[in-house]
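Student: Please take a close look at one part of this model for me. I would like the surface patch first, then the charged pairs.

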Amino acid sequence: MRVIGLGNDLVDIRRIENSLQRFGARFIHRIFTETEIARSEARELTRAASYAKRFAAKEAAAKALGTGFYQNGVVWKDVTVENDELGRPYLKLGGMARQRLEELVPNGYTAEVTLTMTDDYPWAQAIVLITAYPAGSA
């Protein structure tokens, strides 16, 4: 196994609450995918925290990829937080984020992107670890 990238981000949920109140749908649709919006909007009591965790996950992913946003063509919606059947979050990379991941992974290796998120008001945090395994192992 090889560690390809590690990213961490900490977000003040109150900052996201402020953006939601101030910019509303314009903020939401600029940053988040429809999947993320549906998940966060379904959480009436923890709506802002849900958005904040996803915001942190996107930032952590950009750091793990070594790009940040709007550099090398990576945009917010290239990184999507989805949930498996058990509710565990994972990242789906598309567009230039997917291309950047492919550039980072050595020939003959397969990438694995691991995400963990948490929140404890007023903080939300996400950590992204990108590893690579020889193809056919893991």
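Tutor: Val3 sits in strand S1. This is a predicted model. Val3 has 55% relative accessibility, so Val3 counts as exposed, since the cut-off is over 50%. Val3 belongs to a nonpolar surface patch, together with Met1, Leu6, Ile127 and Leu129. Together these residues have about 480 Å² of accessible area. Two strands each supply at least two residues of the patch: S1 (2–12) and S5 (123–134).

Now the charged pairs. The count of salt bridges comes to eight. One of them joins Arg14 to Asp12, with the closest N and O atoms 2.9 Å apart. Arg14 is partly exposed at 41% relative accessible area. Asp12 is at 19% relative accessibility and counts as buried, because the cut-off is under 20%.

Glu41 forms a salt bridge with Arg47, and here the closest N and O atoms are 2.9 Å apart. Glu41 is partly exposed, at 36% relative accessibility. Arg47 is partly exposed too, at 27%.

Lys92 and Glu82 also meet through their side chains in a salt bridge, at 4.0 Å from N to O. Lys92 lies in strand S3 (residues 89–93) and Glu82 in strand S2 (residues 79–83), so this pair ties together parts that are 10 residues apart in sequence. Lys92 is partly exposed, with 48% relative accessible area. Glu82 is buried, with 15%.

How values were computed
Residues are numbered from 1 along each chain as its sequence is written. This is a predicted model: local features need pLDDT of at least 70, side-chain atom pairs count only at pLDDT 80 or more; totals for chains, interfaces and linings use all residues. Side-chain values use heavy atoms; hydrogens and water are left out. Patches are made of residues with over 30% relative accessible area and no salt bridge: like charges are joined within 9 Å, nonpolar side chains (Val, Leu, Ile, Met, Phe, Trp, Tyr) within 5 Å. Accessible areas come from the Shrake-Rupley method with a 1.4 Å probe; for residues, only the protein chains shown count as cover. Helices (H or I, at least four residues) and strands (E, at least two) are DSSP runs, numbered from the N terminus. Buried means under 20% relative accessible area, exposed over 50%, partly exposed in between (1.4 Å probe, protein chains only).
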